[in-house]
Amino acid sequence: MSAFRTRHGASEIAATAILAVLALVVILPLVMPLLFAFKTQLEFSYHPWALPKRLLVINFVEAWKAVRIDQGLANTLIVSLGAIVCTLPPAALAGYVFARYRSRATEIAFYAILVGYFVPAQMVLVPLYKMEVAVRLNNTLYGLFLPMAAFGIPFWMMIYRSFFKSLPGELAEAARIDGAGHSATFFRVMLPLARPATVLALILVFIGAWSDYLLSLILLSDQRLFTMQLRVASFLNAYGTDRMPRYAAAAIISAAPTVILYIVGHRWIIRGTLAGAVKE
Amino acid sequence: MSAHDIENHGRGGGRKTRARDWKRGAFVFLCVLPAFLFLAVFLYYPIEETFRISTTKSLGLGPEIYIGLENYRRLLASQEFLAGLLHVFTWAFWSVVIQLPLAFAVAFLLSYYSNRFTGPLKSIFYLANVLPSAITAMLGKFVFAPNYGMIASFAKHIGWKWLGGVDFLGDPRLAFWAVFAVATWAYTGFPIIYLMARIEQMPKELREAAELDGASPWRYARSIVLPDLGYPLRILAVLCTVGSLKLFDLPNMMTTGGPGYATETLGIMLYRRGFIDWDYGLAAAIGVVIFLLSLLMTAAELSIGARREKIA
């Protein structure tokens with residue numbers, strides 16, 4: 001490794017090597033299915049760890065038919081977009097008011113919404129389900145993303161609040177002096193300035209809705225509405241690991257959208273997660 | 001308070017001021033309203049309902065009959081519940097003891113020796129954290145499946161018969177640890193990037209001074225970096241503990257709580273009793289237990305940490 005100039009000599013090389021081995025362990029379960037998925041069952045049972053003799057696609061075709069990830073992707077996209085549309089505006093509006101219009105009443109309202117952050121979703125599953133059945137909201141994608149948004153609003157309200165607090169107050173005042181009303185100040189001046197917070201919320205709410213399993217499991221029973229993760233989970237139940245090549249192909253198909261998303265946006269995703277975590 | 005607020009509140013009376021106050025109040029009200037509506041429908045009302053249903057006998061579509069604390073008594077008498085509770089605590093304990101030191105070590109090495117490999121390595125470490133739990137479970141089964149799984153087939157390949165025959169997910173002594181290993185694989189990425197961000201916020205002079213004094217990386221990590229991470233480590237410990245209370249996705253998909261109750265969690269019991277047996281009363285009681293325990297643990301861990309900080 002001649003191009004690798006170190007500042008700390010041997011200890012740096014050793015540490016980097018250890019970290020590289022650990023990273024290998026992390027990606028191994030994602031890479032290994034590639035070795036298994038192109039083989040027939042017979043070839044796999046004799047030479048599981050050899051390179052495939054030829055690239056067999058039948059496992060992928062079968063896995064695709066079993067999981068139908070394309071239908072799942074469409075449903076998941078609707079749920080994710082719905083969650084974004086229902087989470088961001090209420091959170092941004094409330095966060096703005098709690099940052100800029102402080103009074104006894106808004107303080108009380110702030111804590112009332114903050115409480116929601118500490119309530120585990122599992123606590124409200126039973127009444128949530130009963131309520132949705134009563135108003136026929138279960139088994140719809142609305143019925144899924146509306147509660148998702150409700151669970152997300154407290155957190156994003158806090159993020160928006162601390163973001164609006166960090167903006168200099170003079171900006172809002174300048175808009176005021178120019179004759180802008182309360183809502184014009186918010187929409188034309190403050191909200192555009194909060195774009196970093198909005199981008200983070202977009203990414204993380206999307207990922208959260210994309211990954212959901214528990215809520216979809218309870219609220220959806222119509223197979224056609226199944227989200228991606230529900231399809232993966234029902235594949236897990238219905239198809240065993242005994243036909244490993246097909247299973248490996250399904251794992252590749254299921255993981256691919258998220259991995260591609262991550263490769264494209266990993267900087268944003270990591271930055272967003274940190275911004276959400278480090279504040280407060 | 002901005003100058004505008006003072007101008008509004010400083011002088012009472014005046015029709016203009018009152019009109020402005022009214023506008024301001026209406027704006028505040030309209031801004032908070034949507035968030036409140038969402039929470040009222042999907043959180044406040046269900047919370048109240050959970051408490052109420054937990055005191056009733058409520059099966060499927062049948063009527064709700066008030067039975068006081070009977071559901072809680074049933075929980076305490078149930079082996080499944082005690083197994084779930086035990087796993088909450090063992091899971092929380094081992095995730096704090098194993099995942100956090102591991103994350104600290106990786107985070108420290110990544111930021112101490114930051115070179116052109118550490119950036120991509122960091123992204124790889126976080127990758128598993130972004131995977132939806134269904135896919136994590138799928139890959140976990142891929143690794144641990146009997147006979148054909150990654151470990152079993154590799155063991156056979158190199159001739160380790162003793163390892164090739166192990167059924168990690170089917171053996172009650174191993175299933176918990178197999179699921180725990182998958183969770184460690186998936187969830188250690190977050191503490192790593194979180195601690196890294198904290199370490200990188202530390203003033204550079206500290207490190208320069210330590211290096212001038214001839215401190216080894218180990219000594220620097222132990223005596224300077226670690227003491228500075230008290231608060232983030234505490235937050236991570238709370239997240240681990242509350243996370244183990246809510247544990248559901250991975251064990252439900254990998255082992256459905258089995259074999260026996262070997263990987264049973266409170267979340268799985270809530271789901272099975274509530275949405276497979278349709279025993280709403282019992283499920284609501286489990287929901288209440290999860291809620292109260294998570295409040296208790298958050299408060300306890302934050303206050304213990306805070307006290308220690310004061311002494312130091």
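The model is predicted, so local features need pLDDT of at least 70 and side-chain atom pairs count only at pLDDT 80 or more, while totals for chains, interfaces and linings use all residues. Residues are numbered from 1 along each chain as its sequence is written, and chains are lettered from A in the order in which they are written.

Let's start where the chains meet: 75 residues of chain B are in contact with 80 residues of chain A (in contact means C-beta atoms, placed from the backbone, within 7 Å). On chain B's side, helix H2 (residues 15-53) gives the largest share, 17 residues; helices are DSSP runs of H or I with at least four residues, numbered from the N terminus. That side of chain B splits into 55 nonpolar, 14 polar and 6 charged residues (nonpolar is Ala, Val, Leu, Ile, Met, Phe, Trp, Tyr, Cys and Pro; charged is Asp, Glu, Lys and Arg; the others, Gly among them, are polar).

Now look at H2(B) beside helix H7 (residues 142-166) of chain A: their axes come within 9 Å and cross at roughly 125 degrees. Axes are lines fitted to C-alpha atoms over the stretch in contact, and angles run from 0 to 180 degrees between N-to-C directions.

Within chain B, helix H5 (residues 118-130) packs against helix H10 (residues 189-201) at about 135 degrees, with axes 7 Å apart.

Notes. Two residues are in contact if their C-beta atoms, placed from the backbone, lie within 7 Å. Helices (H or I, at least four residues) and strands (E, at least two) are DSSP runs, numbered from the N terminus.
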